Amino acid sequence: MSMKPQIPAPAHTLADSMLARRFGKETANYFSSSPINRLSFLRSEHPFLSAALKHPSTQFVLLNNLAPLTRSPSEPYYAKYDELHKLISRDFFDQPEEDFIKSFDSRKTYPTLIFLGMDESRKEGSMTWKIYSGVPFFAVDVTPRGSEAQQTAAKNVISAMEEKGLSFFQTRIVTTFTPDDAAIYAQARALNDWNNRNTFCGTCGNPTLSVNAGTKRACPPTDAARTAQGLPEKRPECNTRTTISNLSFPRTDPTIIVAVVSADGKRILLGRSKRFPPKWYSTLAGFIEPAESIEDAVRREVWEEAGVTLARVVIHSSQPWPYPANLMIGAIAQCSDAAHEKIHLEHDPELEDAKWFDIEEVEEALRIGTSDLSGAAPPDYKGGLRLPPATAIANQLIQSAISADYFQAEKSKM
């Protein structure tokens with residue numbers, strides 16, 4: 001199997017429409033366009049979840065300290081329930097969620113189990129529930145933690161997988177999976193990491209409980225463990241139980257990332273931090289702050305980091321980035337005149353350098369000088385500018401920013 005990653009190409013990006021003709025083809029970035037229908041409204045339907053958990057077609061993404069189980073760096077391994085039955089009880093979802101919360105006992109621990117959804121494109125041997133049919137997917141945290149029995153079961157699962165020649169892929173960022181596998185992994189990793197970070201209530205500090213098939217956390221009103229300490233089973237009042245619901249929802253952090261074009265359209269502004277490899281530059285990025293629009297965040301970040309003042313900002317595409325839970329909102333922006341293009345790095349010292357690069361140099365780097373941060377330069381690279389790989393939204397933004405077709409499609413907006 002080729003180690004070169006691909007970019008998603010869902011059918012809707014190829015469909016003709018008035019919007020597509022006016023604004024151009026939609027860009028689908030790596031980690032997006034999952035083949036899974038999340039079916040979020042079934043996450044509280046425990047009879048469905050119980051049937052899905054035990055169905056022979058169901059596939060499980062296994063994570064050990066967030067590292068996915070793989071056959072090779074380019075191929076994840078999807079486990080079956082029989083390989084996990086000692087860790088995940090068959091009756092995991094047999095109790096209604098309301099009763100599960102009422103019977104909460106913080107002395108009991110469970111592995112994080114997350115329902116990801118169903119792949120409805122796969123029909124052979126699949127599961128049918130009401131009008132929905134497909135292969136169910138779950139994510140399971142097999143990191144040895146929790147009670148001694150849970151840790152032992154998790155270690156046994158890990159050992160059994162490793163005996164099959166499988167391994168947990170230890171890398172900072174996964175960019176070698178196919179687009180479908182990458183999107184499934186991104187969802188599994190982000191939700192698993194969020195569960196791990198929110199085992200205590202942010203309001204009252206008491207232990208929380210994973211509910212809604214791993215996509216929410218409750219602060220239960222009672223805890224049977226308190227009686228062993230001579231305390232009332234009912235926990236102190238907590239504001240998270242008196243608002244709309246007693247649930248905590250997963251967090252996503254919106255982040256802007258932008259390819260900046262000069263006023264004459266002949267140059268691209270790129271920056272680099274100290275941790276980048278030699279000659280490696282990228283687009284500018286930063287977090288969106290409260291009460292700030294995407295466009296305002298783009299202008300603020302570019303001015304703070306590079307001193308450049310922007311005019312028009314156009315939202316291009318977005319990319320989920322599960323490290324741990326960012327949503328990269330990509331934009332293309334342009335300066336109005338040369339007076340606003342002067343680079344000044346003394347506002348925010350985040351960047352080591354920022355430069356305007358001619359389109360020709362950027363085009364050359366896109367051809368022979370792309371790699372991820374930890375990767376070596378490509379074999380054809382002979383020196384000069386290096387850029388992020390196609391799996392990064394930065395690459396897609398740069399490609400569009402130097403494309404005459406993009407500017408023609410967007411000229412009414414620019």
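## The annotated region

The UniProt record, in an unreviewed entry, places the feature "domain: Nudix hydrolase" at residues 250-386. The structure shown here is a predicted model.

With β4 the pairing is antiparallel, over 2 bridges; here V61 stands opposite Y78. With β2 the pairing is also antiparallel, over 2 bridges, and N64 stands opposite A67. The hairpin of β1 and β2 has 2 residues between the strands, and N65 takes a positive phi near 50° there.

## Residue A67

A67 is found in strand β2, which spans residues 67-72. Its relative accessibility is 4%; buried means under 20%, so A67 counts as buried. Leaving aside residues up to four places away in sequence, A67 touches L62, F168, F169 and Q170. A67 and T143 are 76 residues apart in sequence, while their C-alpha atoms are 9.5 Å apart in space.

## Aromatic pairs

A pair of aromatic rings is described by the distance of the centres and the angle of the planes. The structure holds 18 aromatic pairs. In one of them, the rings of F31 and Y323 have centres 6.0 Å apart and planes at 65°, so the pair is edge-to-face. F31 lies in the loop between α1 (18-23) and α2 (46-54), and Y323 lies in the loop between β15 (313-321) and β16 (326-334), so the pair ties together parts that are 292 residues apart in sequence. F31 is buried, at 3% relative accessibility, and Y323 is buried with a relative accessible area of 15%.

Y78 and F137 also form an edge-to-face pair, with 5.5 Å from centre to centre and 90° between the planes. Y78 lies in strand β4 (residues 78-79) and F137 in strand β7 (residues 132-141), so this pair ties together parts that are 59 residues apart in sequence. F137 counts as buried, at 2% relative accessibility. Ring pairs also link F48, F60, Y81, F92, F93, F100, Y110, F115, W129 and F138 into a cluster.

## Charges over rings

Two arginines sit over tyrosine rings. R272 lies over the face of Y281, at 5.7 Å from the ring centre. The charged end of R386 sits over the ring of Y381, 5.9 Å from its centre.

## An open sheet and a covered helix

Strands β9, β10 and β11 form an open sheet in that order, with antiparallel pairing. Its edge strands are β9 (209-211) and β11 (247-248), each of which pairs on one side only. Strand β10 (residues 216-218) pairs with β11 over 2 bridges, where A218 has L247 as its bridge partner.

Helix α8 (residues 393-401) is mostly covered, with 8 of its 9 residues buried. These are I393, A394, N395, Q396, L397, I398, S400 and A401.

Note on methods: Residues numbered from 1 in each chain as written. Predicted model: local features only at pLDDT ≥ 70, side-chain atom pairs only at ≥ 80, totals over all residues. Heavy atoms only, no water. Pairing = 2+ DSSP bridges. Helix = DSSP H or I, 4+ residues; strand = E, 2+ residues; numbered from the N terminus. Phe/Tyr/Trp six-rings, centres within 6.5 Å; stacked < 30°, edge-to-face > 60°. Buried < 20%, exposed > 50% of the residue type's maximum accessible area, 1.4 Å probe, protein only. Lys NZ or Arg CZ within 6 Å of the ring centre and 35° of its normal. Contact = heavy atoms within 4.5 Å. UniProt positions renumbered as here; feature names shortened; annotations may be inferred.
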